Amino acid sequence: MTKWVYRFGDGFADGSATDSALLGGKGANLAEMCSLGLPVPPGFTITTEVCSHYFSNGRAFPPDLKDEVAAALDRVGKETGRTFGSSDKSLLVSVRSGGRASMPGMMDTVLNLGLNDATVEAFARESGDERFAYDSYRRFIQMYSSVVLALDHESFEEILEDEKASLGVDLDTELTAANWRKLITRYKSLVQEELGKSFPQDPHEQLWGAVGAVFSSWMNPRAVTYRHLHNIPEEWGTAVNVQAMVFGNMGDTSATGVAFTRNPSTGENKLYGEFLVNAQGEDVVAGIRTPQNLTEEARIAAGSDRPSLEKIMPQAFDEFVRISDVLERHYRDMQDLEFTIESGKLWMLQARSGKRTAKAALKIASEMATEGLITPQEAICSIDPASLDQLLHPTIDPKAERKIIGSGLPASPGAATGEIVFSSDEAEEMKAAGRPSILVRIETSPEDIHGMHAAEGILTTRGGMTSHAAVVARGMGKPCVSGAANLRVDYQTETLIAMGRSFRKGDQITIDGSAGQVLEGVVAMLQPEMSGDFAAIMKWADEMRRMKVRTNAETITDAKTARSYGAEGIGLCRTEHMFFDTDRIIAMREMILADSESGRRVALAKLLPMQRADFAGLFEIMAGLPVTIRLLDPPLHEFLPKTAEEIAEVAEAMGVPAEKLRERTQQLHEFNPMLGHRGCRLAVSHPEIAEMQARAIIEAAIEAAEKAHAPVVPEIMVPLVGLRKELEFVKARIDAVAKEVMGEKGVEIEYLVGTMIELPRAAIRAHAIAEDAQFFSFGTNDLTQTTFGISRDDAGSFLEAYQKKGIIGQDPFVTLDQAGVGELIRMAAEKGRAVRPDIKLGICGEHGGDPASIRFCEDVGLDYVSCSPFRIPIARLAAAQASVKEK
């Protein structure tokens, strides 16, 4: 019989940290903390298998689940001396989600469940604090109504704000028990008006409503968006954790807080977090009240006059510090912790691997390895390669003038400039229009996930360092300033009021997430330098990886950038990209539009010195590292003149009538240019094109070698080969030109000729093609297009629907399709090596910078990956991880 419920509490647990797939991360870690003897309120976890059953059976629970839950509730009741549903010493519980992967704020929680009109009176008598009891009840009604009954949370907030205004108070803590009773009556009336039925009073009805709502929240829009952004499979599902309540809102000896064992922004080895006295957990993350610092050191650094936890509850603080150290050493990773102090007693509510910025991840990994807590291999594998993108964002130039219009908390590092928008939908619209934006909110909520993803940065006027905005922004690598209380946001007039001035939607502002500052207008930025912890981690990564990492580059700027990030050569130089400049495109158009070989040779003579100079520059920058140059592979439509002015300009340069040129343009029109007259087909039709490029490459290599007094070995790549005879034909022309140039110069140099495998036929016939090819470079952009029969430029219109409907897991143009395209690569690699054991194999499509695709490349045994310059650090780290895991 399937076990649906796993218990934990009083030093006992059915599960452990290794059961995260079944119990979710929260449930598995609650079980683990119990087994470690730490103070954890007793409870139980309903497994992720129930979630799968729930959605597979019309949102119905397994028939035997209720009996298991009832037995687990009885066990919790015995451990706490309480009874669920009893009007005397009633057991109150929390109901929380807990997926296998952390999804902060994306799913639903219900606290104080079990309260009703009868139990709240008993609860008030037992606690001796009527105000606390009714505060807990109003919180429960508000949370349950929003999460389970699907009523608007803001409707309840409006009632609360109206009540405070009528009493002339600002804080929730200023309301009395009588005030709360009145508010509860208004809350229940709202439920009755909206639903036509009263708020549920049966605790068991409440429990099953909450459990169903938490499971259902796995499929809410914000959770779906978050899973899509973070590649979390839908089939994982969530668990539900039911746990005895402990109360941080029982007065001045109670508190609740969130902490990280190390600073999640910087990685500094210091306890970092916030708490609130006389509050419950949602108060801290919701940003409704400004939290206090945990430590005296942090309080002083923040310039706060509000006491730290270390000062006002020293015994609980000391115990928390001890437990934090125990958990970090046990899990051997920085931990994200939630805790409650009830009447002076500390309770641990959560431990999980803490989300961190890339900067923090590098520092934490480096220092933990140096401390001996983890090995260098574990340090390398603890960092998400994709997160290194965060290190490549600009920072504000120290020399730039800062016109500060507001300040808040430095919630997520980095800097961004954009137009002010006040809603997430507007941020998405701006992103689609190619206009950077800053999302400005009073506070963010999980519903803002899509806007936060679309915006360049986030600014909130409420909330602390562990608020929703701060945590999500750090996870996304977005700059964020939170809690900028000196700013005022008016949604009605779409205005940001700062220092007596009004900034409207569309105005430009800059935020500095590292300093917590909001600046007027566009501010000069600097690119980051890769040093310190980054250098240490990259050094280990380079020592551990087998594959080389090259770059895709055809400009001097890109080549220099790539070298600064550690590129070990150029894996793809797309020569057609060198001709889009105004002074070159006319000559390129002349060559394409010429209707005779003699006409093409005239145009090619103009292009030759340009090409030679470009190649020589790349060879010099790469200083003996391999440089793979792809022969011209232009879809001709990209270069053809389109307007009458452009046609006239080229006609004048060629000395032909504009009308004749227009006719020639029409002759060259192709219905499907991506599968048309391009690649090696151009070189077969017009060998003089390949001859010019071969001459430019060999001459440039000789020139660069003479300057450097070191050999340069160019790799000449023939694109879009599907037939061995195509490569055989073009290679013969390259060899003839190379021999001719070396004869002219009186110099012998080594060079390689290979091909791009980007057609399924080339992969199938790789053994034949390898007879002439000295290397294969897998062009996975076109190989994916031709394998799927999908145009990359048009796929966006339907691939998202495929992903949402579970037909595909990932966009195959982002992460390599290992089952189809990957099999072709594996086949070609095996066939190529069988004929030519020393054949050099690499990948140069966009997949060369995708960590999951890089793991596949390691598995196949490719020699290198090649990617865009800014993804070089990601590829270096991902290649190291793949190598470590392969061993």
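Modeller: In this predicted model, Lys-89 and Glu-126 form a salt bridge whose closest N and O atoms are 3.7 Å apart (a side-chain nitrogen of Lys or Arg within 4 Å of a carboxyl oxygen of Asp or Glu). Lys-89 sits in the loop between helix 3 and strand 4, while Glu-126 belongs to helix 4 (residues 119-127), so the pair ties together parts that are 37 residues apart in sequence. Helices (H or I, at least four residues) and strands (E, at least two) are DSSP runs, numbered from the N terminus. The whole structure holds 66 salt bridges. Residues are numbered from 1 along each chain as its sequence is written, and side-chain values use heavy atoms, without hydrogens or water. Because the model is predicted, local features need pLDDT of at least 70 and side-chain atom pairs pLDDT 80 or more, whereas totals for chains, interfaces and linings use all residues.

Strand 4, at one end of that loop, belongs to an open sheet of six strands in the order 2-1-3-6-4-5, paired antiparallel (pairing takes at least two DSSP bridges between two strands). Strand 2 (12-13) and strand 5 (109-113) are the edges, each pairing on one side only. Within the sheet, four bridges hold strand 3 (residues 43-46) to strand 6 (residues 238-244) in the antiparallel sense. Gly-43 stands opposite Gln-243 of strand 6.

Two helices pack on this sheet. Helix 1 (residues 20-35) lies across strand 1 (5-9), strand 2, strand 3, strand 4 (93-99) and strand 6, and runs at about 120° to strand 4; axes are fitted to C-alpha atoms, for helices over the stretch in contact, and angles run from 0 to 180 degrees between N-to-C directions. Helix 3 (residues 65-80) touches strand 1, strand 2, strand 3 and strand 6, and its direction makes about 5° with that of strand 1. Contact here means heavy atoms within 4.5 Å.

The axes of helix 5 (residues 130-147) and helix 8 (residues 203-216) come within 10 Å and cross at roughly 50°. Helix 5 contributes Phe-140, Tyr-144 and Val-147 to the contact, and helix 8 contributes Glu-205, Gln-206, Gly-209, Ala-210 and Ala-213. By class, these are five nonpolar, two polar and one charged (Ala, Val, Leu, Ile, Met, Phe, Trp, Tyr, Cys and Pro count as nonpolar, Asp, Glu, Lys and Arg as charged, and the others, Gly among them, as polar).

Helix 6 (residues 153-167) and helix 7 (residues 177-195) also have axes that come within 10 Å, with a crossing of roughly 145°. From helix 6, the contact takes in Ser-155, Phe-156, Ile-159, Leu-160, Asp-162, Glu-163 and Leu-167; these meet Asn-179, Trp-180, Lys-182, Leu-183, Arg-186, Tyr-187, Leu-190 and Val-191 of helix 7. The contact of helix 6 with helix 7 comprises nine nonpolar, two polar and four charged residues.

The chain also contains a closed barrel of eight strands, running 25-26-27-28-29-30-31-32 with parallel pairing. Its neighbouring strands are turned by 25° against each other on average, direction ignored. Strand 25 (residues 548-552) and strand 32 (residues 864-867) run parallel and are joined by four bridges, with Arg-550 partnered by Ser-866 of strand 32. Strand 30 and strand 31 pair in the parallel sense over four bridges; there, Phe-778 has Ile-843 of strand 31 as its bridge partner. Ile-843 is in turn partnered by Val-865 of strand 32, and strand 31 pairs with strand 32 in the parallel sense over two bridges.

Helix 27 (residues 724-745) lies across strand 28 (714-718) and strand 29 (752-757), at about 150° to strand 29. Helix 32 (residues 821-835) touches strand 30 (775-778) and strand 31 (840-843), its direction making about 175° with that of strand 30.

One more helix pair remains. Helix 19 (residues 533-544) and helix 34 (residues 872-886) have axes that come within 8 Å and cross at roughly 50°. In helix 19, Phe-534, Ile-537, Met-538, Ala-541, Asp-542 and Met-544 meet Pro-873, Arg-876, Leu-877, Ala-880, Ser-883 and Val-884 of helix 34. The contact of helix 19 with helix 34 has nine nonpolar, one polar and two charged residues.
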